[in-house]
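Me: Could you take a close look at the aromatic rings in this one, and at what sits on or beside them?

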Amino acid sequence: KEYLIQLNDTPGHISFTGEVSRAIRASDGIILLVDAVEGVMTQTITNLKRALQEGCKPVLYINKVDRLISELRLSPQEVIRRIDSIIEEVNKLIEMYAPEPFKKSWKVNFIQGTVAIGSAKDGWGFTIDILKRKFADPKEGYMEIFRRYEKGDIQWLRENLPLDEAILEMVIKHLPSPKEAQKYKIEAIWKGRKDIDVYEALINVDPNGPLVGMITKIFVHPKTFQTALIGRIWSGTLKSGKELYLLSKGTTARPHRLGVMEITDILDVNAVPAGNLFAIFGFMCPA
């Protein structure tokens, strides 16, 4: 089965708090990354709180487990205790800041598959489902990681426990689609009237409804210096060459290129329906 995943990749540094906030507004879920050595930090709390208040369901990836093994020389039992303490701290924050209906159900749990563990530097990672699938005994699979570090065989870990497989599987299984998420997300962020057609279109992610979208990022291409506006469509369908009404300016404009971003490149498309991210280049404003 094929899936379309649109990823807002944002730095966690305090200098990028605004960028993270805007990305969260346009997202249905988040992959929360926590350093296994440093644990939950101030910006972890800030960004997770904002995501939960904006109706973004979290999954957790605990990174740099290689450092616990090869630098700090922790035993397998000590690594488990360290990971458990991080999960417990993240869940306290979820219970504190998640919307009332989700305070329990959005908590992350390794046994339920909403936590992945690994090393981005060394390119490996796993969830409980992956350990069960690839090893007769999941505990034996966990111990194999320590044995491979003793041998210096990182390549085996990359090939047998590839990190992308763990992250993507966790996202597909546990983060919601726009049709599921937008109902409660719009509830969290919509400040307008609810007895109008546009509100119904928003919560139903209606591609045939009134066109409503938002800009989350202004991106300047490092080589061409072209400016792209990146955002999300909440309802309706954004079509190439269609005139847009800019709410903040009170004017209309017509972009000359429509697509979706692939890192710094744009993949041209003719239309972007509700629930998807978009990128537009070059407004042609009427005189």
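Reply: Arg-257 sits over the face of Phe-281, 5.6 Å from the ring centre. A charge counts as over a ring if NZ of Lys or CZ of Arg is within 6 Å of the ring centre and within 35 degrees of the ring normal. Arg-148 does this too, over the face of Trp-156 at 4.2 Å from the ring centre.

Bear in mind that this is a predicted model: local features need pLDDT of at least 70, side-chain atom pairs count only at pLDDT 80 or more, and totals for chains, interfaces and linings use all residues. Residues are numbered from 1 along each chain as its sequence is written, and side-chain values use heavy atoms, with hydrogens and water left out.

Now for rings against rings: there are nine aromatic pairs. Rings of Phe, Tyr and Trp (its six-membered ring) pair if their centres lie within 6.5 Å; planes under 30 degrees apart are stacked, over 60 edge-to-face, and the rest tilted. Phe-102 and Tyr-184 are a tilted pair, because their planes are at 55°, with centres 4.8 Å apart. They are 82 residues apart: Phe-102 is in the loop between α4 (76-97) and β3 (115-119), Tyr-184 in helix α9 (residues 178-189). Helices (H or I, at least four residues) and strands (E, at least two) are DSSP runs, numbered from the N terminus. Phe-102 is buried at 18% relative accessible area, and Tyr-184 is buried at 18% as well. Buried means under 20%, exposed over 50%, partly exposed in between (1.4 Å probe, protein chains only).

Back at Trp-156, its ring also makes a tilted pair with Phe-135, 6.5 Å centre to centre and 45° between the planes. Both of these residues are buried.
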